[in-house]
Amino acid sequence: QVQLVESGGGLVQAGGSLRLSCAASGRTSSIYFMGWFRQAPGKEREFVAAISRSGSSTYYADSVKGRFTISTDNAKNMVFLQMNSLKPEDAAVYYCAVLLSGRTKVSVKRGYEYDYWGQGTQVTVSS
């Protein structure tokens, strides 16, 4: 199993920045991809960004490209999401998730591909 703990959420004004962190523990050697998803009230969960364990591959939702940056610190088994130029529509609960190795074809933008999830951290953006 893999345990995930997110941190870094909070209240920020539109145009501001936040940095989310996610610490993984347990079977971290089996992690293939780490991703961030978000869910706003009344809306479905949506993909935000994903990064391969090596950090060599990154993927972003169109809505956050150029504003958000995902990164990883393998030594500490952590993944980060730097969020700049935040907009009110970015407000949501942000979830960290991991996708374990062992599959040949995965779609990192699909939440159902991920094996473990964190408890989420709230991001609120005031206009």
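The accessible surface of the chain comes to about 6,500 Å², and carbon and sulfur atoms supply 46% of that area. The model is predicted. Of the 127 residues, 43% count as buried.

**Fold**

The chain has eleven strands and zero helices. Its radius of gyration is 14 Å, close to the 14 Å that the globule rule gives for 127 residues, so the chain is as compact as a globular protein of that length. Along the principal axes, the C-alpha trace spans about 45 × 25 × 25 Å. Among contacts with a separation of 6 or more, 57% join residues 24 or more positions apart.

**Disulfide**

The whole structure holds one disulfide. Cys22 and Cys96 form it, with their sulfur atoms 2.1 Å apart. The bond links distant parts of the chain: Cys22 sits in strand E3 and Cys96 in strand E9 (residues 92-100), 74 residues apart. The torsion about the S-S bond is about -80 degrees, so this disulfide is left-handed.

**Buried residues**

Both cysteines are buried. Ser30 is buried too, because its relative accessible area of 15% falls under the 20% cut-off.

| Residue | Relative accessible area |
|---|---|
| Cys22 | 0% |
| Cys96 | 0% |
| Ser30 | 15% |

Ser30 lies in the loop between strand E3 (18-26) and strand E4 (31-39). What does Ser30 contact, leaving aside its neighbours within four places in sequence? Its partners there are Leu99, Leu100 and Ser101.

Conventions. Residues are numbered from 1 along each chain as its sequence is written. This is a predicted model: local features need pLDDT of at least 70, side-chain atom pairs count only at pLDDT 80 or more; totals for chains, interfaces and linings use all residues. Side-chain values use heavy atoms; hydrogens and water are left out. Helices (H or I, at least four residues) and strands (E, at least two) are DSSP runs, numbered from the N terminus. Buried means under 20% relative accessible area, exposed over 50%, partly exposed in between (1.4 Å probe, protein chains only). Contact means heavy atoms within 4.5 Å. A disulfide is a pair of cysteine sulfur atoms within 2.5 Å. The radius of gyration is taken over C-alpha atoms; the globule rule is 2.2 Å times the number of residues to the power 0.38. Accessible areas come from the Shrake-Rupley method with a 1.4 Å probe; for residues, only the protein chains shown count as cover.
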